[in-house]
Amino acid sequence: MSTDTSTIPLKQRLAARGLDGLTLLVLPAVLFLLALFIYPFFYGLFLSFEPKQGGIFANYQRFFSDRFLYGTIATTLWLALPVTIATLLLAIPIAFRVRLMKNQRLLTTILVIPITLGTVLVAEGLLNYLGPQGWFNRVLMTFGIISSPVKLLHNYWGVMLSLVITGFPFTFLLTLSYLSGIDPALEQAGATLGAGPWDRFKHILFPLLLPGLAITFCLSFVQAFSVFPSAVLLGAPSGPTRVISIAAYQAAFEEYDYSMASAVAMIMGVVQLTIVVVVLAARGLLYRGPAGGGKG
Amino acid sequence: MVKDTRLSTKLWAAANWTLIGFFVVNLFAMIATVVTSSFSTRWLGTWLPAGWTTRWYSAAWSEFQLYDVLSVTFQIVFLVVALSGLIGVPAAYALARRDFPGKKLVMLLFLLPLLVPPITFGIPLATVLYQTGFAGQMSGVVLANLVPTVPFVILVMIPFIEQIDTKIEAAARVFGANTFKLFVHVLLPLLMPGILAALLLVLVRTLAMFELTFLTAGPTSQTLVVALYYAVFAAGVRAVQSIDAMAVIYMVTTLIWLVIALRFVNPTQIVARAKK
C-alpha cells in the first residue's frame with residue numbers, strides 16, 4: 001500500500017478518508033461557531049486577565065475578596081440547587097403517571113407554553129398573579145388558609161416559583177423522553193414475577209432511569225444557575241436574589257468594565273462546569289446498558 | 001400492564017393528578033390575570049376589574065412604539081431563521097453523509113452552544129460584538145441569535161437526512177446532477193418537512209430569546225421580549241394595564257407561531273434539544 005500511495009491523486013486519498021467537496025459544506029457552520037462562540041470565549045478568558053488596574057489576577061482577587069461579588073455564587077447555588085431538585089421531584093412521579101396515558105399530546109402542549117412564553121412573560125404574569133391583591137392570595141384567603149396575604153414577590157420565593165414554572169416543563173419532558181426509552185418488557189417481566197408498583201420502580205425503572213436523570217439534572221441546573229430576568233423582576237436584585245448573572249451584567253453594562261465582566265462570566269462557567277462534571281462522574285458509576293433509557 | 005386496583009395505587013395516582021392540575025390551573029390563572037388586567041379600566045383590590053375597555057391596547061401601541069418594535073422583531077427573527085437554515089442544513093447534510101477525521105470534535109462544537117446557557121457565553125460574545133461595532137444594531141442581534149440556532153438546526157436535521165435513502169442521491173448523480181442540482185431538485189423537496197419543522201422551532205425560540213438580544217440590542221434593535229422586559233423593569237412609569245396589553249400582544253405573537261409549529265412537530269422537540 002505505502003509504495004503506491006504517491007501514484008493515487010491527493011483528491012482520491014482525501015475522499016477515501018471522507019474528505020471531499022461535500023464535506024466542505026460543514027465549513028461555513030464550523031467557521032461561524034469558531035468566530036462567534038470559541039473566539040469570544042478565549043477573548044473573554046484573556047480579557048479577564050487584563051484588568052483595568054492591578055496584576056493579571058486582579059479581577060479574580062477582587063471577585064473573591066468582595067463579599068458583594070463572591071456572595072453571588074452562594075446566592076445562585078442556593079436558588080439553583082433547590083429549584084433543580086424540586087423540579088426533578090415533581091417531574092419524576094408525573095412522568096411515570098403520564099407515561100401510562102395514551103394521548104399525551106394535550107398535556108405536553110400545555111407544558112410547552114411556559115417555555116415558549118419565556119422567563120420575562122412568566123415574571124410579568126407572576127407580578128400580577130402573586131401580588132397581595134392577586135388571585136392566588138385571594139383564593140387562599142377566601143378558603144381561610146391564610147389570614148393576610150403571603151409575601152411572594154420581590155424576595156427569594158418569587159424567583160424560586162418562576163424558576164419552577166419555567167423549569168418544570170423542561171425537566172418533565174426530558175424525563176418523560178428518557179422514561180419512554182426504557183423497554184416496557186422489563187417492567188412487565190417484573191410484574192409477572194409478582195413485583196408491585198413500588199418494587200418495580202425501586203428495582204427496575206429507577207435504576208435504569210438514573211443515567212437519564214443525571215443528564216436532566218445537569219441541563220436543568222445549568223438553566224436555573226443562569227437565571228437573569230426573573231431575578232431582577234421578581235426578586236430583590238440588590239439583596240437576597242443578587243445572582244451571579246446580575247453581577248456580570250452590572251460589571252459589563254453599568255461599570256463598562258468588560259474585563260471584570262468576562263472574569264465573572266468565566267467564574268460562572270467554571271461553577272456550572274464543576275457541578276456538571278461531578279454529576280456526570282457519578283453517572284459514570286451507574287449501569288448503562290442496552291436496556292437503559294440512556295439515549296444521551 | 002396489569003391493572004392495579006389497590007387503594008394505595010389509586011391514592012398515589014390521585015395525588016399525581018392533583019399536582020398536575022395544581023400546576024396547570026396556576027399557569028392558566030397567571031395568564032388569565034395578565035389578559036384580564038389588560039382589558040380592565042381599574043382593578044384594585046377586587047376579584048374582577050371595575051369595568052372593561054380596549055383602550056390600553058392603543059395606548060400600549062403608541063407608548064411603546066410597538067409598530068417599530070414588531071417590525072424590528074420580525075426582521076430579526078426572519079433573518080435568523082433564513083440564515084440558520086442556509087448555514088445549518090448543508091452542514092447537517094455533510095455530517096449525516098460523511099465520516100471524517102475530527103467529526104467528533106465538530107459535533108462537540110455544535111453541542112456546546114446548546115448546553116451552555118446564553119447568559120454565560122453571551123457576555124463575552126457581546127463584548128466581542130461591541131468591540132467590532134456590530135452590537136447595538138440589528139446585525140449584532142442577528143449574529144448573536146445565530147449562535148444557538150445554527151447548531152440547533154444541524155442537530156434537528158441530521159436524523160432527518162440520515163433516513164433518506166442514499167440510492168436516490170446516487171441515481172441523481174448517475175444522471176449527471178452536480179451537488180447544487182442534487183440539493184435543489186432532489187434533497188430539498190424530500191427534506192422540506194424536516195426543514196420546515198426545524199425553522200419553525202428556531203422562530204419560536206428566537207421570539208422568546210431574551211438574554212442574547214438583551215445583551216446585544218441597542219435602542220433601535222430591540223425585539224418585543226426585550227421591550228417588554230424594559231417596560232416591566234420600569235413599572236410605575238406607565239399604567240400596569242398598558243404593560244399587560246403589551247404582554248398580551250407578545251403572548252399572541254409567540255403562541256400563534258407555537259400553534260403553527262405544533263402542526264409539524266412533536267411538542268417535546270421544542271425542549272429536548274440536544275439528543276445525541
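Reader: In which helix is the place of W56(B)?

Author: This is a predicted model, where local features need pLDDT of at least 70, side-chain atom pairs count only at pLDDT 80 or more, and totals for chains, interfaces and linings use all residues. Residues are numbered from 1 along each chain as its sequence is written, while chains are lettered from A and ligands numbered from 1 in the order in which they are written. Helices are DSSP runs (H or I, at least four residues), numbered from the N terminus. W56(B) lies in residues 55–63 of chain B, helix α2.

Reader: Is W56(B) buried or exposed?

Author: A residue is buried if 20 or more other C-beta atoms, placed from the backbone, lie within 10 Å of its own, exposed if 12 or fewer, and partly exposed in between. W56(B) has 24 such atoms within 10 Å, so W56(B) is buried.

Reader: Which residues is W56(B) in contact with, leaving aside its neighbours within four places in sequence?

Author: Contact means C-beta atoms, placed from the backbone, within 7 Å. By that rule, the partners of W56(B) are S38(B), Q241(B), S242(B) and A245(B).

Reader: What distance separates the C-alpha atoms of W56(B) and S40(B)?

Author: Along the chain, these two residues are 16 residues apart. Between their C-alpha atoms, the separation is 8.5 Å.

Reader: Which helix of chain B gives the most to the side that touches chain A?

Author: The contact takes 77 residues from chain A and 73 residues from chain B. On the chain B side, 14 residues come from the top contributor, residues 7–38, helix α1.

Notes. Two residues are in contact if their C-beta atoms, placed from the backbone, lie within 7 Å. Helices (H or I, at least four residues) and strands (E, at least two) are DSSP runs, numbered from the N terminus.
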